[in-house]
Amino acid sequence: MNVYPHLDRRLAPSSTESERYLRIKIQAPDTARPGSRLPLNIALVIDRSGSMSGSKLEKAKEAAIFTLRNLTGADRAAVVAYDDQVRTVSPSRALSPDVKNSMIADIRAIYSGGSTNLSGGWLTGAQEVANHLHEANYLNRAILLSDGLANVGITDPAELERHADQLRQRGVSTTTMGIGADFDEHLMERMAVKGGGHFYFIEDARQIPDILHREIGEVLSTIARQVTLEVTLPEGVHGELLNSFEVTRTGRTFQVRLDDMIAGEERTVVFRLSVRPGALGNSLPITIMLRYTDVESGESRTAASTEAALRYAGQAEADTEAPDSSVVEEVALLRAAQAREEALKLDAAGDYARSATILASAAQYMRAAAPASAEAMQEAEALDAESQNAAQGLGAMARKAMHYSRTTRMQSRKK
C-alpha cells in the first residue's frame, strides 16, 4: 500500500491567514494475491415486493443465478427474499454442485408480493453471513437489491444506519443496490457507507446482472481490510475533510475510514487547510499514516508514514507560487459534488431557480479551475445539462442520477 500526498501550494503567507489544499492518494498494489483467492461468504437479499414484479425481479433472479454459477465449492451463499414477509429462500450453504442446483431452482421460484420489509430482509441475510464468520478466512458481505422504501419493520433511517455500522464492526459489510425511481437513495447510500460496502444506482433493470457481477468481482479482489488514513496537522493549521468518508478527530489527528480496498484501487482524500499566520521561514509538517489489515495474512500493518510540509513565506513569494494543477482539479471536482448536494436540497424545497444557479456556477468554476482537463470539461458539460433540467424541477430519475454522481465522487469511486 502506497501513500502519495500533494499540496496545491507549499508556501503560506506569514502575515495573513490563508487557505491551502492537501490531496492524498492511496494506491493498493496492482497484483493478485499469491495462491488461491479467499472464499466468499455472502447473502443475496432480493426485494420481491409488488413494485419489483416483471423485469426488475426477473433480472435480479437472473443476476443471483449467474453469481452462484460463478462461485466455487469453497464459497458459501444464502438467498433471502422479502416483501412484507421475509423468506429465507436458502440458508447459507457451501456451494457444492448439488447445492447450487437446488438454490437456483429455489431462486427461479421467487415471485412478487406486497409491501417492503427492507430491514427484515436485510438483517436476515446479514445474520446468515454472521452465522459462519469464523469458520474460514471469508470475505463477508450482505448484498441488498431493492426498488422501494422501507415501509414495514424498521423504517427509521438512523436506526438502520446503526445496524449497518454494528454489522460492519462484527465483520459483515453491506452493499446496497437501488433500482428505478422509487427507492430512498439517501437511506441506501448511508446504509452502504456505514456498512463498509458500496452503493449503486441501477436505472435500468437490464443493468442488474452486470452490476452484481462487478460487485462480486470487487469483493473477490479485496487486498486490504479496515483501511484507515491518519492525518496529523501541526499547530496553526485547521483541517476540513471534503470527501464524505466517515471521519473522527482526536486532537489534531483525523482518522478517515476507507474500509476495504481492492487490488489496483486508488482512493483520493482531500482536506481544506486553513493556515494561521506564523514566523517567516518556519515549517509546518503534516504527518500521514495508513493502517490496514492484510487480507491474505490477516495481520495488521502500517504503511510507512509520509510527511508533507507547508512553509511560511513572504506575501509576494507565496502569491507567485504556481499551484499544482492536479490538486486544483480534484478540489474543483469535489466542489461540483458539493454543488449537486446543495442543488438537490433546493430542488426538494421547490427552489428550482437557485438549484439551477448553483449547478451553473459549479460548471463555470470547473472550466476556470481546470481548462486543460478533459475530465473537468466533461464534468462542466454535465453540470450545464443538469442546470437546465433543474430550472424546471428535477424528476425522480434525474434526482437519483445526480445523487449517485455526487456520491461516487465524494467517496472517490469510479461509476
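**Exercise 1. In this predicted model, find out which residues Asp184 touches, not counting residues up to four places away in sequence.**

Solution. 
- Step 1: Set aside the residues up to four places away in sequence, then look at what is left: Asp184 touches Gly148 and Leu149.
- Step 2: Now place the residue. Asp184 sits in the loop between strand 8 (173-179) and helix 5 (185-195).
- Step 3: Check a pair of C-alpha atoms. Asp184 and Pro157 are 27 residues apart in sequence, and their C-alpha atoms are 9.8 Å apart in space.
- Step 4: Decide on burial. Buried means under 20% relative accessible area and exposed means over 50%. Asp184 has 25% relative accessibility, so it counts as partly exposed.

**Exercise 2. Move on to Leu187: is it buried or exposed, and which residues is it in contact with once neighbours within four places in sequence are left aside?**

Solution. 
- Step 1: Find it in the chain. Leu187 belongs to helix 5.
- Step 2: Use the cut-off of 20% for buried residues. The relative accessible area of Leu187 is 4%, so this residue is buried.
- Step 3: List the partners. With the neighbours within four places in sequence left aside, Leu187 contacts Ala150, Pro157 and Leu160.
- Step 4: Thr155 is 32 residues from Leu187 along the chain, and the two C-alpha atoms are separated by 9.9 Å.

**Exercise 3. Work out where His198 is found and what it touches, not counting residues up to four places away in sequence.**

Solution. 
- Step 1: Locate it. His198 is part of strand 9, which covers residues 196-202.
- Step 2: Go through the touching residues. Not counting those up to four places away in sequence, they are Arg141, Thr174, Thr175, Thr176, Ala192, Glu215, Glu218 and Arg413.
- Step 3: Check burial. With 11% relative accessibility, His198 counts as buried.
- Step 4: His198 and Ile107 are 91 residues apart along the chain, with 24 Å between their C-alpha atoms.

**Exercise 4. Gln226 has a positive phi, and so does Asp259. Where is each one found?**

Solution. 
- Step 1: Read off the angles. Phi is near 50° for Gln226, a residue other than glycine. For Asp259, also a residue other than glycine, phi is near 60°.
- Step 2: Gln226 is in strand 10 (residues 222-232), while Asp259 is in strand 13 (residues 253-262).
- Step 3: Sort them by accessibility. Gln226 has a relative accessible area of 57%, so it is exposed. Asp259 has 14% relative accessibility, so it counts as buried.

**Exercise 5. Describe how helix 1 and helix 6 pass each other: at what angle do the axes cross, and which residues make the contact?**

Solution. 
- Step 1: Helix 1 spans residues 55-69 and helix 6 spans residues 208-220; their axes come within 8 Å and cross at roughly 35°.
- Step 2: The crossing of helix 1 past helix 6 is right-handed.
- Step 3: Helix 1 brings Lys56, Lys59, Ala60, Glu62, Ala63, Ala64, Phe66 and Thr67 to the contact, and helix 6 brings Ile208, Pro209, Leu212, His213 and Ile216.
- Step 4: Sort these contact residues by type, and you get eight nonpolar, two polar and three charged.

**Exercise 6. Step back to the chain as a whole. How many helices and strands are there, and how does the radius of gyration fit a compact globule?**

Solution. 
- Step 1: Count the elements: the chain has 11 helices and 16 strands.
- Step 2: For 415 residues, a compact globule would have a radius of gyration near 22 Å; the chain has 23 Å, so the two agree.
- Step 3: Along the principal axes, the C-alpha atoms fill a box of roughly 75 × 55 × 35 Å.
- Step 4: Of the 415 residues in the chain, 53% are buried.
- Step 5: Take the contacts between residues at least 6 apart in sequence: 76% of them join residues at least 24 apart.
- Step 6: Finish with the surface. The accessible surface of the chain is about 17200 Å², and 47% of that belongs to carbon and sulfur atoms.

Conventions. Residues are numbered from 1 along each chain as its sequence is written. This is a predicted model: local features need pLDDT of at least 70, side-chain atom pairs count only at pLDDT 80 or more; totals for chains, interfaces and linings use all residues. Side-chain values use heavy atoms; hydrogens and water are left out. Axes are lines fitted to C-alpha atoms, for helices over the stretch in contact, and angles run from 0 to 180 degrees between N-to-C directions. Helices (H or I, at least four residues) and strands (E, at least two) are DSSP runs, numbered from the N terminus. A crossing is left-handed if the near helix is turned anticlockwise from the far one by less than a right angle, and right-handed if clockwise. Contact means heavy atoms within 4.5 Å. Ala, Val, Leu, Ile, Met, Phe, Trp, Tyr, Cys and Pro count as nonpolar, Asp, Glu, Lys and Arg as charged, and the others, Gly among them, as polar. The radius of gyration is taken over C-alpha atoms; the globule rule is 2.2 Å times the number of residues to the power 0.38. Buried means under 20% relative accessible area, exposed over 50%, partly exposed in between (1.4 Å probe, protein chains only). Accessible areas come from the Shrake-Rupley method with a 1.4 Å probe; for residues, only the protein chains shown count as cover.
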